[in-house]
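Work through the exercises below with the model open. Try each task before reading its solution.

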Amino acid sequence: MTVPMYNDGIIHIYKIKETDDVQSSKYLEDTKLDLWYEELSISDRLRSQLNASNVDIQMKIRIPQYKKLDSMSVVKISNDFYKVYNCYHFADKDGYLQTDVTLVNWDGDVYEQK
């Protein structure tokens, strides 16, 4: 039995929201949640498949399972912001619930609404 190790860093999670203005704008809502993560390698096959779809994958990480993370989420790692492209929720061979997260560059503003 192997206990998962999430010791590569911490992500801070935001949700993408829109204002109710006539010309709505997106902003990031702070969830006040930090999670430890493990960085995963990106296979050449996956990178090639996503590049063919014009998806510029930046990083893959594994976290303890968190089903509220989705494509309307942005994570901050150090001083960089990444949009969640995809999440895969699963139980490993020892029964630990985990989530693999594919991250792409966040091209939106980092405006946080208070």
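The model is predicted: local features need pLDDT of at least 70, side-chain atom pairs count only at pLDDT 80 or more, and totals for chains, interfaces and linings use all residues. Residues are numbered from 1 along each chain as its sequence is written, and side-chain values use heavy atoms, with hydrogens and water left out.

**Exercise 1. Find where Ser78 and Lys32 lie, and give the phi of each.**

Step 1. Ser78 sits in the loop between strand 4 (73-77) and strand 5 (80-91). The hairpin of these strands has two residues between them, and Ser78 takes a positive phi near 55 degrees there. Ser78 is exposed, its relative accessible area being 60%.

Step 2. Lys32 belongs to strand 2 (residues 26-40). Its phi is near 60 degrees, which is positive although the residue is not glycine. Lys32 counts as exposed because its relative accessibility is 68%.

**Exercise 2. How many aromatic pairs are there, and how is each pair classed?**

Step 1. State the rule. Rings of Phe, Tyr and Trp (its six-membered ring) pair if their centres lie within 6.5 Å; planes under 30 degrees apart count as stacked, over 60 as edge-to-face and the rest as tilted.

Step 2. Apply it. The count by this rule is two aromatic pairs.

Step 3. Class the pair of Tyr14 and Phe81. The ring centres of Tyr14 and Phe81 are 5.7 Å apart and the planes stand at 50 degrees, so this pair is tilted. It links distant parts of the chain, with Tyr14 in strand 1 and Phe81 in strand 5, 67 residues apart. Both Tyr14 and Phe81 are buried.

Step 4. Class the pair of Tyr88 and Phe90. The centres of the Tyr88 and Phe90 rings lie 5.2 Å apart with planes at 15 degrees, so this pair is stacked. Phe90 counts as buried, at 16% relative accessibility.

**Exercise 3. Describe the pairing and burial of strand 6.**

Step 1. Strand 3 (residues 57-64) pairs with strand 6 in the antiparallel sense over seven bridges. Ile61 is opposite Val101 of strand 6.

Step 2. Strand 5 pairs with strand 6, again in the antiparallel sense, over nine bridges. Phe90 is opposite Gln98 of strand 6.

Step 3. The hairpin of strand 5 and strand 6 has five residues between the strands, and in it Gly95 takes a positive phi near 90 degrees.

Step 4. Seven of the nine residues of strand 6 (residues 97-105) are buried, so strand 6 is largely enclosed by the rest of the structure.

Key: Helices (H or I, at least four residues) and strands (E, at least two) are DSSP runs, numbered from the N terminus. Buried means under 20% relative accessible area, exposed over 50%, partly exposed in between (1.4 Å probe, protein chains only). Two strands pair if DSSP finds at least two bridges between them.
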